[in-house]
Amino acid sequence: MPNPVEPAALRPARVPPPATPGTSGLATLAIAVVTIAALYLGREVFIPLVLAVLLSFVLAPVVNGLRRLRLGRAPSVIAAVLLALGVIVAIGTTLGLQVADLAKDLPQYQATVQRKVSNLQEGVLGRANALISKVHHQISEASDKATAAGADAVQAGADAPKPLLVKVQEPDPSPLALAERILGPVVEPLTTVGIVLVVVVFILMQREDLRDRLIRLFGSSDLHRTTMAMDDAAGRLGTFFLAQLGINAAFGLLIGVGLWFIGVPSPILWGVFSALMRFVPYIGAFIAALFPLALTAAVDPGWSMVLWTGLLFLIAEPLTGHVVEPMLYGHSTGLSPFAVIVSTLFWGFLWGPIGLILATPFTVCLVVLGRHVERLEFLDVLLGDRPPLTPVENFYQRMLAGDPDEAQEQAELMLKERSLSSYYDEVALKALQLAANDYQRGVLGEKQLETIKGLTQSLVREFTKRPDEEPAGTPPKTHAEVPTLAEQQHPKNEAVPGQAPAPDRRPPVWRGEAAVMCIAGRGPLDEAAASMLAQLLGKHGIGARVVPHEAVGREAIWTLDVTGVAMVCISYLDISGNPAHLRYLLQRLREKLPGKPLLVGLWPAEDAILSDQALRRQMGADFYVTSLRGGVEACLEALEQAIAAEPAGAVRAPSAPAPV
């Protein structure tokens with residue numbers, strides 16, 4: 001999202017008064033403490049609201065489907081909420097019946113557990129218990145000898161009067177207290193469900209109004225982009241929650257059916273419990289397995305049922321987590337593993353068991369908002385699974401560390417989703433610009449600069465055989481999908497379309513292996529940028545060679561071999577705000593190569609030459625580009641112009657005479 005210029009930026013800057021050290025930090029800490037205290041103390045209010053928001057995401061696709069069937073908004077919302085209420089009531093009734101059946105057979109299960117414990121005591125556990133008892137007896141004898149001196153005092157106090165025992169008997173509860181004790185555990189969940197459903201109705205009825213209020217708070221300066229981002233985030237969250245709910249429900253169904261085949265009592269209860277616990281990341285499914293395992297140990301006189309139950313969970317959880325989930329919504333929820341653990345502990349501490357279930361969905365909501373709302377981007381940085389460094393920063397850091405292998409590994413990963421020219425433009429060139437800026441500021445030394453230059457050119461050579469094309473399997477870009485803030489900073493441009501015409505269709509000067517001469521600017525890293533451009537030209541069928549800046553100096557240019565040169569491309573990462581040397585270089589090239597098209601590649605797109613038409617005419621170049629992709633396209637355009645300018649029949653080379 002672009003940052004508009006604030007009105008205050010147009011006024012003269014005023015020096016703020018000196019702030020008390022630590023005031024802002026203390027204020028931030030105080031706000032955090034107050035927020036956590038409010039979440040903890042107001043959990044009875046916040047939990048229904050969060051449940052309502054998450055349920056609205058799940059029901060939003062259902063409401064949209066009903067509206068596509070020509071139902072109005074209100075009937076669609078009411079039908080979806082009634083459907084959710086019916087599912088909740090059906091599940092609650094079934095669970096109640098299952099718990100009642102399980103409680104009826106508890107005495108029988110207790111007897112089975114006692115028999116198993118007695119059998120274990122007679123075996124290895126019994127021998128271990130005897131050894132522990134023997135050690136305890138020896139310790140007791142030693143302690144008795146130590147306390148023998150106090151036996152007389154104890155005997156002397158034996159004649160003291162014994163205290164009287166007082167028994168407090170509570171009165172019989174009143175009918176009202178008895179009704180409250182019985183109905184309290186039932187009324188409270190029903191009240192929560194009612195509040196949640198009422199809030200869901202209002203959220204679904206006023207989705208657009210709530211969205212507009214969020215836009216007003218977070219993105220009123222760019223209404224179109226913020227609206228599209230909000231709609232995209234809501235659609236993605238709805239799809240994710242619906243998919244996760246379906247996956248967990250399928251997991252619970254699989255567990256319930258498997259336990260029914262094994263013979264475990266109340267399989268529906270444990271299936272629903274497993275589905276709910278699977279919302280808890282990493283350990284939820286294993287916690288859900290403990291209760292069926294304990295029950296099977298109480299039901300089965302042997303141990304076969306316990307083994308089958310454990311095997312069921314060991315197969316179902318990896319199958320769901322590593323096969324089904326990646327097929328539906330990818331390998332990740334968008335959260336870092338550390339963020340998942342911290343959020344689970346945080347919400348579990350604040351809101352108890354229901355906080356464990358809501359931790360991951362609620363954190364996903366925060367991360368999605370952080371990826372689309374600029375003011376909340378810190379949530380994506382803290383909780384998301386994006387790398388801490390951008391690809392540009394990572395490239396520059398690896399080159400500074402002298403580790404091109406890791407930079408190449410990162411490049412290979414990015415090239416699975418974008419073309420080589422896009423990687424060069426959006427990552428490699430921008431990283432070289434960072435290095436050039438640091439060198440101008442005196443931060444980067446000569447030795448480090450030479451290391452970066454050499455490693456970058458070696459990395460370019462590694463991609464000699466890789467074509468500049470879109471990778472296979474890349475999904476087409478749709479206008480409905482809004483890029484995140486990170487994607488806006490590092491867009492993915494498409495590869496250069498098409499190839500140069502066949503050599504026999506070109507003018508003779510364009511057929512050589514060095515038809516384009518790529519001249520490096522006078523910057524220390526411009527030669528690396530020129531190497532990238534020459535490589536991309538070769539991948540699109542145009543021969544090119546790289547010439548260092550020293551070869552086109554005032555005296556050296558007249559001895560430069562320009563045989564077979566059809567076009568000249570000059571690469572500049574930075575012209576340092578003084579284009580005079582560029583103007584003189586172009587004049588010398590005009591004299592050396594009259595009539596040849598000249599291209600200037602200014603990789604910093606904000607340079608003044610690109611916006612000043614008069615300055616561009618004064619420079620005298622034929623093409624100005626700001627990307628390697630644009631440079632390749634300009635060379636292809638110059639070749640097409642050269643073909644069109646040739647007289648008819650002069651382009652195609654004469655065919656060899658037929659053999660006698």
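How many aromatic pairs does a search of the whole structure find? The search finds 8 aromatic pairs, where rings of Phe, Tyr and Trp (its six-membered ring) pair if their centres lie within 6.5 Å, and planes under 30 degrees apart count as stacked, over 60 as edge-to-face and the rest as tilted. The model is predicted, so that local features need pLDDT of at least 70 and side-chain atom pairs count only at pLDDT 80 or more, while totals for chains, interfaces and linings use all residues. Residues are numbered from 1 along each chain as its sequence is written, and side-chain values use heavy atoms, with hydrogens and water left out.

**View 1. Phe346 and Trp347 form an edge-to-face pair.** Their ring centres lie 5.0 Å apart, with the planes at 80°. Phe346 is partly exposed at 30% relative accessibility, whereas Trp347 is buried at 8% (buried means under 20% relative accessible area, exposed over 50%, partly exposed in between, with a 1.4 Å probe and protein chains only).

**View 2. Trp347 also pairs with Trp351 in a tilted arrangement.** The centres are 4.9 Å apart and the planes at 50°. Both residues are buried, and they are separated by about one helical turn because they stand 4 residues apart in helix 13 (residues 337-351); helices are DSSP runs (H or I, at least four residues), numbered from the N terminus.

**View 3. Ring pairs join Trp270, Phe273 and Phe291 into a cluster.**

**View 4. Two arginines lie over aromatic faces, Arg278 over Phe251 and Arg554 over Tyr584.** The distance from the ring centre is 5.5 Å for Arg278 and 5.6 Å for Arg554, the criterion being CZ of Arg, or NZ of Lys, within 6 Å of the ring centre and within 35 degrees of the ring normal.

Definitions and conventions: Helix = DSSP H or I, 4+ residues; strand = E, 2+ residues; numbered from the N terminus.
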